[in-house]
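Please prepare a short briefing on the structure shown below, grouped by topic and written for a reader who works with computed models.

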Amino acid sequence: MASIRKQSSVIAVFKEFLNRYPQQFGLLFFFLVIEGAAAVLSMLAIIPMADYLIDSTLNRSSRITLFIVHVFAELNVPTTFWTLGGLFVGLNALKGVLEVAVRYAILKIKYTVIQGLFGDSLERFFKARWGFFSNADNGVLLNTLNKELHTIGDTLGHIATLMAQVIQLAVFLAVPLWLNPLLTVTVLGLSILFGIPFLFLNKLSYRLGKNNTETGNIAMGVLNELLQSARLVLGFGKQKQSRLHYLRAFDKHIQVTLKSQTLATAIPKLFQPMGMVAVIVAIGFAIKSNVSISELTAIMWSFLATMPILAALLQGQISIQNFLPSYEQLVVLREKAAGLREVEGQHAFHKLNRSIEFKNVAFTYPGRMNTLVNVNLEIVQGQMTALIGESGSGKSTITDLVLGLQIPDSGEVLVDGVSLNDLRQNSFREKIGYVPQDPLLFNSSIRDNLLWASEQAHEHNLWEALRLANADKFVKELPNGIDTIVGDRGVRLSGGQRQRIALARALVRKPELLILDEATSALDSESERLIQQSIEQVSKDTTLLIVAHRLSTIAKADQVYVFSNGQVVEKGPFTLLSKRDGGILNGMLNAQLPYSDE
């Protein structure tokens, strides 16, 4: 954590984003320079106004007033209260417009940074292997993407604002430094002295920021779990307990957030009175030094503009310390994703010509016993290959290895004799159709769900896929047909309907390999029959890998691998194994034992 803390120092963060977004910061700097010039002129414009109010003849005016009178004379503009007032108002209006431009530039930086961080983080995450997601805390992931990235963006806005305020501070101090250096140094010295105690709040702000991030992770995790398990909550009648569980987690987050935000708000409010003391003390000295009223007015105007900026600089420093834990959490996630980056080969996959072969493959999940031990099997092109066995025997791990979601600890997976690691992963996956046990559909229309798998598919391709999946008939009977919205995860369809749409989604891309992972395990008999019909029809033209729960699903399998404790204990054609006396598959058929996925 110390190394991360070092990497995520304010200077390091600012350098990173300055290098990534030079145009936005360049635009900001441009506006700041122009705004600074307008701010100087607007402050100086108050001097001739004050001189005119003291002596309308302007006989004993300051050097600034005499210069403006000279300029007016050159332009044939009369020097009156109204022209001097118009100059003052006009310059302040210009300053206001430029402040809006600066604010726009700051917001542009903020949202460009947020968009860039979202895109970069998601790219890094989805370049990682499945292990990154399977081992991740969903609360941390969701909170980072939903809240912490916005916090980072807000703070980058603060950093850009600090940059603007530093320039503004320099501008506002330039005028009094020019008019009365001693007075200005006195005010600045006293302000810094009063501000030193506030700098000791950095550690408290960082600690509150860290607690804020951690409690936000927990609250987001509880909320995600609650929404994902809504059916279970309702089924068990645990609505009240679940609601209170979330509210307790959220209350802890609120308590930390209240302290954090109160601290950030308190800094400028507490500092400004102290800053005013510094100004009053300095002005007392100025009066004794016989500074002219008009110049003293300009100095006062400048100091009054300076104090809020000094307070904002202190607040910004506290806010940045509060933000660092958010950035650290993002850095940790990005580093984890980088450490689990997918192995990307150089060869593109085009077509399965012979087979996918496992050679002495071993694999173990962290903290578990051996999942696969020296597995040898072959998925032959054009054939139906089935995997069966008890729960936890390693069947679904085989599909993960075929998809490249996991990497063998030893041995290798060969695709037409080429190591899977040597292939461009997505060029291979784009030729695979995959139907998991829990068929997740997106909250959009059936058409969009199908097109998600193959964006180039034409209308007749969609309906052909639905026909092969035995889904065309019920889709036509839906209120909006193929354009019917299926709801979140497909909740508006029955289990069998979801499974058939998921099968159609896999088929619409005309895959070289179709993987069915427990495709009928949770279906009623009619839905199972329709899926089995689809499998039989598809198997004529497609290479199939089926993880089977119900043995009737694989009755026409060309090759069956029976797993037990991560090993292949029996293999052969279904017709042969089913008739082998004393064989494992034969015993399973006779006993009609249900075997589920791991």
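## Briefing: salt bridges, rings, sheet and selected residues

Asp120, Arg124 and Arg334 are linked in a network of salt bridges, a salt bridge being a side-chain nitrogen of Lys or Arg within 4 Å of a carboxyl oxygen of Asp or Glu. The model is predicted, so local features need pLDDT of at least 70 and side-chain atom pairs count only at pLDDT 80 or more, whereas totals for chains, interfaces and linings use all residues. Residues are numbered from 1 along each chain as its sequence is written, and side-chain values use heavy atoms, with hydrogens and water left out.

**Salt bridges**

- By this rule the count comes to 7 salt bridges, and one of them joins Asp120 to Arg334, with the closest N and O atoms 3.1 Å apart.
- Asp120 lies in helix H6 (residues 81-126) and Arg334 in helix H13, so the pair ties together parts that are 214 residues apart in sequence; helices (H or I, at least four residues) and strands (E, at least two) are DSSP runs, numbered from the N terminus.
- Asp120 counts as buried at 17% relative accessibility, and Arg334 is likewise buried, with a relative accessible area of 9%; buried means under 20% relative accessible area, exposed over 50%, and partly exposed in between, with a 1.4 Å probe and protein chains only.
- Arg447 and Asp483 also meet through their side chains in a salt bridge, at 2.8 Å from N to O.
- Because Arg447 lies in helix H16 and Asp483 in the loop between helix H18 (472-477) and helix H19 (495-507), this pair ties together parts that are 36 residues apart in sequence, and Asp483 counts as partly exposed at 39% relative accessibility.
- Within helix H17 (residues 459-468), Glu464 and Arg467 are 3 residues apart and so are separated by about one helical turn, and their side chains meet in a salt bridge at 2.6 Å, N to O.

**Aromatic rings**

- The structure holds 4 aromatic pairs, where rings of Phe, Tyr and Trp (its six-membered ring) pair if their centres lie within 6.5 Å, and planes under 30 degrees apart count as stacked, over 60 as edge-to-face and the rest as tilted.
- Among them, the rings of Phe349 and Phe428 have their centres 5.0 Å apart and their planes at 90°, so this pair is edge-to-face.
- Phe349 lies in the loop between helix H13 (293-339) and strand S1 (355-363), while Phe428 lies in helix H15 (residues 425-429), so the pair ties together parts that are 79 residues apart in sequence; both Phe349 and Phe428 are buried.
- Phe363 and Tyr365 form another edge-to-face aromatic pair, 4.8 Å centre to centre with 90° between the planes, in which Phe363 counts as buried at 5% relative accessibility and Tyr365 is buried with a relative accessible area of 15%.
- The charged end of Lys476 sits over the ring of Trp463, 5.6 Å from its centre, under a rule that asks for NZ of Lys or CZ of Arg within 6 Å of the ring centre and within 35 degrees of the ring normal.

**Sheet**

- An open sheet of 4 strands has the order S2-S1-S4-S5 with antiparallel pairing, two strands being paired if DSSP finds at least two bridges between them.
- Strand S2 (372-380) and strand S5 (418-419) stand at the edges, each with a single partner strand, so one side of each is left without a neighbour in the sheet.
- S1 and S2 run antiparallel and are joined by 6 bridges, and the bridge partner of Glu357 in S2 is Glu378.

**Selected residues**

- Ser444 is found in the loop between strand S6 (432-435) and helix H16 (446-453), and is buried with a relative accessible area of 17%.
- Not counting residues up to four places away in sequence, Ser444 touches Asn449, Thr484, Ile485 and Val486, contact meaning heavy atoms within 4.5 Å.
- Leu66 lies in helix H5 (residues 63-74) and counts as partly exposed at 48% relative accessibility; leaving aside its neighbours within four places in sequence, Leu66 is in contact with Leu58 and Ser61.
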